[in-house]
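Reader: I'm new to looking at models like this one. Please pick one spot, take me through it slowly, and tell me what the words mean as you go.

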Amino acid sequence: MPKTHFKKAAVFLLCISFLAALPMYTVNANATSGQTDFCLNFDVWQGSGTVDVILRQHNPMDNNRAVIFENFEKLTLQEADILTFQETDVDKSFYTLEKIDGKPVLTLKENYLKILTDGRHFFLAYFKNVPEPILIKLNIATKKLHLENAGFDFEMVPDADGADVTLDNNKYSVVFDISMLEKLCYNGVELKESDFEFFNRHTKLIFVLYSGVLDTLSLGEHIFHAYFMNLSEPVQLKLIKTEPYIYGDLNHDGLVTATDARICLRASAQLTSLTLRQERAANVFFNGEITAANARKILLVSSELEDFYL
């Protein structure tokens with residue numbers, strides 16, 4: 001690969017690594033439309049019209065990286081996977097860049113958007129005075145996909161502080177993205193944004209229900225539904241509420257002791273069965289598995305030799 005192409009590939013893959021490695025971004029009532037902490041976003045394109053975004057530098061405190069309208073060089077479409085990298089300049093006839101209220105606004109035209117496939121696309125905007133190009137994400141959803149019996153399970157947080165569920169793109173080969181979410185409902189009623197938060201991390205979308213919602217639910221099974229622009233049916237999110245639990249405390253006496261380690265060890269050897277509440281308390285490696293290693297970890301924590309979060 002020529003040196004210039006290698007440099008461009010390295011820049012893009014570094015930007016993509018930010019999506020996986022840097023702090024996750026959260027959507028809430030106070031979020032600024034079209035921007036995350038490290039990646040700008042076009043609105044979701046659903047088959048007609050244009051999409052636009054205000055171009056901002058990643059670090060607004062760095063004056064040396066300020067976006068200067070006149071210094072714009074080009075826009076590229078980036079396509080990459082583990083083995084290949086491809087960068088294509090976007091023809092200037094497919095977009096406009098104009099200054100609105102003193103800010104550079106990039107707009108993709110409808111005739112260009114119709115060329116792109118449904119799913120997620122990344123663009124890089126190059127400016128002469130900005131060391132690295134600006135990463136911009138675009139989601140396209142012109143067709144609604146059918147996912148039969150799509151569902152995920154909530155996991156309660158210790159001490160009943162909340163519950164979270166992870167929607168993994170890889171499970172159904174579909175993009176679960178914060179920009180695609182329309183609403184989250186329980187018993188047909190849409191939840192308020194103050195009841196939960198959601199964010200993307202790697203190839204996953206994570207929902208977190210706040211304790212205020214859990215407090216209104218009875219013990220047992222509850223079904224939530226997440227509606228997305230790109231799906232014809234909602235995704236089912238199942239929550240089984242149990243009594244509050246503490247990691248490592250399998251007998252629920254409020255302490256983590258050798259007795260809890262013994263219960264865990266017997267369960268790992270299938271000599272006894274655990275309730276769902278106990279399984280959650282024993283899940284000290286956060287992987288859903290109960291093995292002798294879990295029992296050892298609980299024993300070490302009970303002796304104050306280790307901590308569950310280290």
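Let's start with the end of helix 7: which residue follows it, and is its phi positive or negative?

Author: That residue is E304, and its phi is positive, near 60°. Before going on, some ground rules: this is a predicted model, where local features need pLDDT of at least 70, side-chain atom pairs count only at pLDDT 80 or more, and totals for chains, interfaces and linings use all residues. Residues are numbered from 1 along each chain as its sequence is written, and side-chain values use heavy atoms, with hydrogens and water left out.

Helices (H or I, at least four residues) and strands (E, at least two) are DSSP runs, numbered from the N terminus. The protein chain has seven helices and 18 strands.

Helix 7 itself covers residues 292–302, and N294, A295, K297, I298, L300 and V301 are buried there. "Buried" means under 20% relative accessible area, "exposed" over 50%, and "partly exposed" in between (1.4 Å probe, protein chains only). Across the protein chain, 40% of the 310 residues are buried.

Now step over to the loop between strand 18 (235–241) and helix 5 (258–268), where you'll find T242. T242 counts as buried because its relative accessibility is 11%. Skipping neighbours within four places in sequence, T242 has contacts (heavy atoms within 4.5 Å) with M156, L219, L276, R277 and R280. With R280 there's also a polar contact, side chain to side chain, at 3.3 Å. That term is for a pair of N or O atoms within 3.5 Å; within protein, one must be able to donate a hydrogen and the other to accept it, and residues adjacent in sequence count only if both atoms are side-chain atoms.

Two strands pair if DSSP finds at least two bridges between them. Strand 13 (residues 181–186) and strand 14 run antiparallel and are joined by two bridges, with Y186 standing opposite V189 in strand 14.
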